[in-house]
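Me: I have a model open and would like to learn how to read it. Could you walk me through a few features?

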Amino acid sequence: MLALPLSSRAADNGLMIDSATIASLQLRAQQASPREQVQMYADLADKISLLVSREIAEGEEEKAQATLHQLEACTAELESDLHRDSKGLKKTEMLLHATNRRLTDLVRSASGDMKPMVQSALRQLDKVQTALLSAVFEK
């Protein structure tokens with residue numbers, strides 16, 4: 001197994017993801033070329049899901065609610081960009097699959113107040129993932 005630097009492992013676990021990181025990734029996705037935006041928004045959705053998981057685990061439900069709204073906006077942008085000539089759709093689908101699993105686990109562990117919001121974000125992500133799978137098989 002390759003040893004990743006500590007910062008990479010921490011970022012993968014969501015420890016280094018914060019609202020500033022999300023804002024930076026969002027700006028990069030908005031400025032990316034049309035072919036790269038789908039992958040960039042999928043990566044952004046994945047990072048947002050890491051942040052919301054951490055916020056819920058730490059009991060920061062108000063922050064988590066705002067972050068879930070960001071996730072829904074990100075997946076809406078992702079869905080609207082799917083019809084462009086995008087590269088790396090299979091890689092994007094794999095990333096969305098991992099994000100979907102994280103949110104599914106989060107639905108199980110979320111408190112009663114947070115559960116409907118996480119379920120809503122998961123439903124939207126499911127819709128985008130289905131559309132992405134259709135796009136992958138069309139090409």
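Reply: Start with Leu51, which is buried, with a relative accessible area of 3% (buried means under 20%, exposed over 50%, partly exposed in between, with a 1.4 Å probe and protein chains only). This is a predicted model, where local features need pLDDT of at least 70 and side-chain atom pairs pLDDT 80 or more, while totals for chains, interfaces and linings use all residues. Residues are numbered from 1 along each chain, and side-chain values use heavy atoms, without hydrogens and water.

Me: Which residues does Leu51 touch, not counting those up to four places away in sequence?

Reply: Its partners are Ile17, Asp18, Ser19, Ile22 and Thr67, where contact means heavy atoms within 4.5 Å. Ile17 is 34 residues from Leu51 in sequence, yet their C-alpha atoms are 6.0 Å apart.

Me: At what angle do helix 3 and helix 4 pack?

Reply: Two packed helices are described by the angle between their axes and the distance between the axes. Helix 3 (residues 34-57) and helix 4 (residues 61-81) pack at about 165°, with axes 9 Å apart. That makes helix 3 roughly antiparallel to helix 4 (angles over 145 degrees count as such).

Me: Which residues have the most contacts inside the largest nonpolar core?

Reply: In soluble globular proteins, nonpolar side chains tend to be buried together. Here the largest nonpolar core has 35 residues, and Leu103 and Val118 have the most contacts inside it. Such a core is a set of buried Ala, Val, Leu, Ile, Met, Phe, Trp, Tyr and Cys residues joined through side-chain atoms within 4.5 Å. Helix 3 gives the most to this core, with ten residues.

Methods:
Axes fitted to C-alpha atoms, helices over the stretch in contact; angles between N-to-C directions. Helix = DSSP H or I, 4+ residues; strand = E, 2+ residues; numbered from the N terminus. Parallel < 35°, antiparallel > 145°, perpendicular 65-115°, else oblique.
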